[in-house]
2 protein chains.
Amino acid sequence: RSAPGFAAIYKEFVAGGWNSLPFDPEFGGQGMPWLLATTVQEMWQAANMGFGLVLLLNQGAIDAIHHHGSAEQKAAYLPKMISGEWTGTMNLTEPQAGSDLGQLKSRAVKEGDHYRITGQKIFITYGDHDFTENIVHMVLARTPDAPAGSKGISLFLVPKVMVGPDGTLKGRNDLRCVSLEHKLGINASPTAVMAYGDNGGAIGYLIGAENRGLECMFTMMNNARLTVGLQGVAIAERAYQQARDYARARVQSRELGSSRPEPVPIIRHPDIRRMLLTMRALTEATRALTYSAGLSLDLARRHPEAAERARHQRRVDLLTPVVKAWASETGVEVASLGVQVHGGMGYIEETGAAQHYRDARITPIYEGTSGIQANDLVFRKLGRDRGAAAAEFFAEIAALDGDLATALGGTLDRLREQLAAGLAALRGTTEWLVDIQDKIPQAAAASATPYLQLFGRVAGGYLMAKAALAAHWAQITGEGDSGFYDLKIITAQFYGDHVLSQAPALRQPIEHGWESVLDLDEQQI
Amino acid sequence: RSAPGFAAIYKEFVAGGWNSLPFDPEFGGQGMPWLLATTVQEMWQAANMGFGLVLLLNQGAIDAIHHHGSAEQKAAYLPKMISGEWTGTMNLTEPQAGSDLGQLKSRAVKEGDHYRITGQKIFITYGDHDFTENIVHMVLARTPDAPAGSKGISLFLVPKVMVGPDGTLKGRNDLRCVSLEHKLGINASPTAVMAYGDNGGAIGYLIGAENRGLECMFTMMNNARLTVGLQGVAIAERAYQQARDYARARVQSRELGSSRPEPVPIIRHPDIRRMLLTMRALTEATRALTYSAGLSLDLARRHPEAAERARHQRRVDLLTPVVKAWASETGVEVASLGVQVHGGMGYIEETGAAQHYRDARITPIYEGTSGIQANDLVFRKLGRDRGAAAAEFFAEIAALDGDLATALGGTLDRLREQLAAGLAALRGTTEWLVDIQDKIPQAAAASATPYLQLFGRVAGGYLMAKAALAAHWAQITGEGDSGFYDLKIITAQFYGDHVLSQAPALRQPIEHGWESVLDLDEQQI
């Protein structure tokens, strides 16, 4: 049973049509751009990440069925999942199979037009709940004759309640929620241990082909990874707004350099402002990158020219691990700053700041840890085309330099230099990684995380600089809200001085830091 | 009532004589060096920070009475507080007076040889508990004719149970615990709202002179600040040990570059090793700095030469805010990495990793936030002698360069370069801050936190390099455990590549980042 009011809120959410925003109109979706759905979803995730998770998982399940399901499966399940009348889940993890899905043991035995599924799954977000009459589980399992490892995994659709050919609900399937985890955060969302087939086997339907489950899973996963990055942005925005409001209201200490003895709102104290601007700048930069990936996802699907579709698909593939890991890690950092701005009050649960710090901490872990993302970036995304897609992105960043130089009075010169220095480090380390991963793969693996951090900071800096330039020209031409554009430029310069300026130094951990990592005897550590 | 078993553990702790380690033998202490007490206390804080807090607060109260109490007060209270038979507290904060103690309103009215105290105090650690028969509260309050602000604050000793001249316990004083806070972490320690004088006024005794309470408070506080830094080290060590043990036991994924398909303990994966080494290097560096401050504290008190005592007191004064803020912030970072190493299991409370992440988060807040420490470092510690004590410390760091150069085969050359670059940035920004704080104090305040981070990283790098050099010579001469020395050198080099290498880039946020902070209209942010 969910927290009081949650089931009612979910029904309102569904009735408002929010769930169907980006999905295929053929199955009742609104066919809106992914980018629009992203901006809307940011609000849901910021409002309540525990609630927002049900949307994230359903969305992944919908995508998997849409891409890999049969016509009958789509017709039977998609309309109700897209409307939100039913929800979906992803059942991947088992106690011995976390990041290493090749170790999973759940079994699927063919029986006529379906399979019998048995096994235990853990960490199943919204594995059971009282929002909807049915839940559609996407379950990874292994057929009896499947090859060992990750090449022997298949994906099955396993409904909680059986569905008749006419879409009516029949009896319960052989699956149940065994227990719920006690977690650090996102406590409004049930994280279930699921048991399949205790009474002879749950009925499941193969999605796609046998032994190709990992491909189908990655369809869910890539989508979910972008949304987890978005959760990082959302929680950062929430934490920022709360900290800013507190800093405006909390009166403490006189103003530095003022002759007036009265205490002032703490937002006047430079170190508090520095923290708030750090929160704001990091939130804007991670948001810009997440949205830009969302835009590319739309263009990869809908651009009229095939070459552009392909180019944008390359961009989404490249950016997905960066969005997932950088935006989520940054969300944790921003939430932690939010606690700090509140001082002692931040440590008291009733204040609410601590919840963001607890909630945010899952985002660098689930849907593939930051380490998994960094390895994906280096070995798959750089490795498969020897850095070509990355070089294409870097050329776009380099091209901004000339535009930045045109800003009047050299307004954006410092930011321009910081971006150029960051880009040089990013290009240099990319070449180094493309080269070393063939020679010493362990070195590339040890350097992958600082490289991803460098990538995120520079990519974020590029988009912040682009925004600052647009704001600059808008100010000159006098269009729009000048205060808004002021703030855009100040925030971008702040990002340059405090975040982007730290990027080039990451060359050292990337190019030299792996030696000490590999030198180490594991018994010593 | 404390958690089951806690009161019994406290009694064992006291019976073992652990509490009295560093205190004055005249009052039953063992007179051991502060440094020894520090190393022992690290274990208590690592074992259980919620428990360890009772020691930290008692220690602060003992120091205040020892330095500022009368002979009678010392005789009546110190023996029982030093043995641990009674505990002490610090009562500073009120709802409207946190960092800004000048705003406090608790009142103290003279009545013969004592005062009547009335008011409410919040965030009182171990404000009430069932460990001991009596609790000695150190309470800041204001006499009726006191000047406004921080110059009108006095310190009072307010016992929970009244004490007769012969040390026997009499009736209850007029004070009580009103409620306990619901906190993010350190939940084993009661954080009390305390009400004084609901029935006419609690009896309190003036410590030191009227209106000089802030000085006495700083005696408690400086001591407590070093110990809070130590809590950062302790929680980092605890988190590291747990993560390392998990990484040895958890089997997941094949080894990179190996032909064997079997999954291996995750400690073999380069990114996991990188995280563990980061945890280890940061823990060692913050520990080295905390211990070095502890050593200087001993030498400031006990060195036979007055000039050396003065030099070490300058060093303690300089390092206290750095130890407090850098070690505590680093403790949070390490605890967060500890969660990450555990993957999904780290997010489950039963695993224990999340508790360190929650517990650690208070350390950059209490006993003066990191922002307060950074301002103390810049305005008081640099400002009062225009950087002379800092320059003295930097000269010591510079002198290591020649010694590092003597290491055979240039073993430590990269670390040497990294230290030199860090020191140059630290020296440059120190000069800049000494200069700018007179001209634009707001700029110095906005840059104080990144400066403190730079200071911590370089000071930690100095001590890591010193340790590596000692290990190098020990290896050459063949003394001691060669594996231990190997690891010292590898960890120091890792620190150089991953932490110290990031120090020079902090010049940019320090010297340029303040402009955007100050540019901002507070209504815009």
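Predicted model: local features only at pLDDT ≥ 70, side-chain atom pairs only at ≥ 80, totals over all residues.
Across the interface of chain B and chain A there are 49 residue pairs in polar contact, counting pairs where both residues are at pLDDT 80 or more. On the side of chain B that touches chain A, helix α13, residues 482–498, gives the largest share, with eight residues. Sorted by class, that side of chain B has 37 nonpolar, 31 polar and 23 charged residues.

Now the extent of the interface. In total, 91 residues of chain B are in contact with 92 residues of chain A. The two chains bury about 7,800 Å² between them, and carbon and sulfur atoms give 57% of that area. Which three residues supply more of the area that chain B buries against chain A than any other three? They are B:Tyr347, B:Tyr357 and B:Ile525, and together they supply 11%.

Salt bridges between chain B and chain A number two. In one of them, the side chain of A:Glu515 meets that of B:Arg414, at 3.7 Å from N to O.

Next, the symmetry. Chain B superposes on chain A by a rotation of 180 degrees with 0.0 Å of shift along the axis, and the RMSD is 0.0 Å. The two copies are therefore related as by a two-fold rotation axis. Both copies use the same surface, as 100% of the contact residues of chain B recur in chain A. Within chain B, the residue that comes closest to the rotation axis is B:Ala505, with its C-alpha at 3.3 Å.

Turning to salt bridges over all chains, the count comes to 58. One of them joins A:Arg287 to A:Glu237, with the closest N and O atoms 2.8 Å apart. A:Arg287 is in helix α6, residues 270–302, and A:Glu237 is in helix α5, residues 213–249, so this pair ties together parts of chain A that are 50 residues apart in sequence. Are these two residues buried or exposed? A:Arg287 is buried, at 18% relative accessible area, and A:Glu237 is buried as well, at 17%.

Two pairs in chain B have other surroundings on the slide. B:Lys439 and B:Asp435 meet in a salt bridge at 2.7 Å, N to O. Both residues lie in helix α11, residues 413–439, four residues apart, or about one turn of the helix. B:Lys439 counts as exposed, at 58% relative accessibility, while B:Asp435 is partly exposed, at 38%. The side chains of B:Glu215 and B:Arg212 also form a salt bridge, at 2.5 Å. B:Glu215 is partly exposed, with a relative accessible area of 43%, and B:Arg212 is partly exposed, also with 43%.

Back in chain A, a network of salt bridges links A:Glu308, A:Arg311, A:Arg315 and A:Glu396.

Helix α11 of chain A, residues 413–439, holds A:Gln437. A:Gln437 counts as buried because its relative accessibility is 11%. Its side chain reaches the backbone oxygen of A:Val378 at 2.9 Å. Beyond its neighbours within four places in sequence, A:Gln437 has contacts that include A:Phe379, A:Leu382 and A:Ala444.

Last, two backbone points in chain B. B:Tyr126 has a positive phi, near 50 degrees, and is not a glycine. B:Tyr126 sits in the loop between β3 and β4 and is buried, at 1% relative accessible area. B:Ile186, also not a glycine, has a positive phi of about 35 degrees. B:Ile186 is in the loop between β8 and β9, and at 3% relative accessibility B:Ile186 is buried.

Methods:
Residues numbered from 1 in each chain as written. Chains lettered and ligands numbered in written order. Heavy atoms only, no water. Buried < 20%, exposed > 50% of the residue type's maximum accessible area, 1.4 Å probe, protein only. Polar contact = N/O pair within 3.5 Å; in protein donor to acceptor, adjacent residues only side chain to side chain. Contact = heavy atoms within 4.5 Å. Buried area = accessible area lost by both parts, 1.4 Å probe. Salt bridge = Lys/Arg side-chain N within 4 Å of Asp/Glu carboxyl O. Nonpolar A, V, L, I, M, F, W, Y, C, P; charged D, E, K, R; others polar. Least-squares fit on C-alpha atoms with pLDDT ≥ 70 in both.
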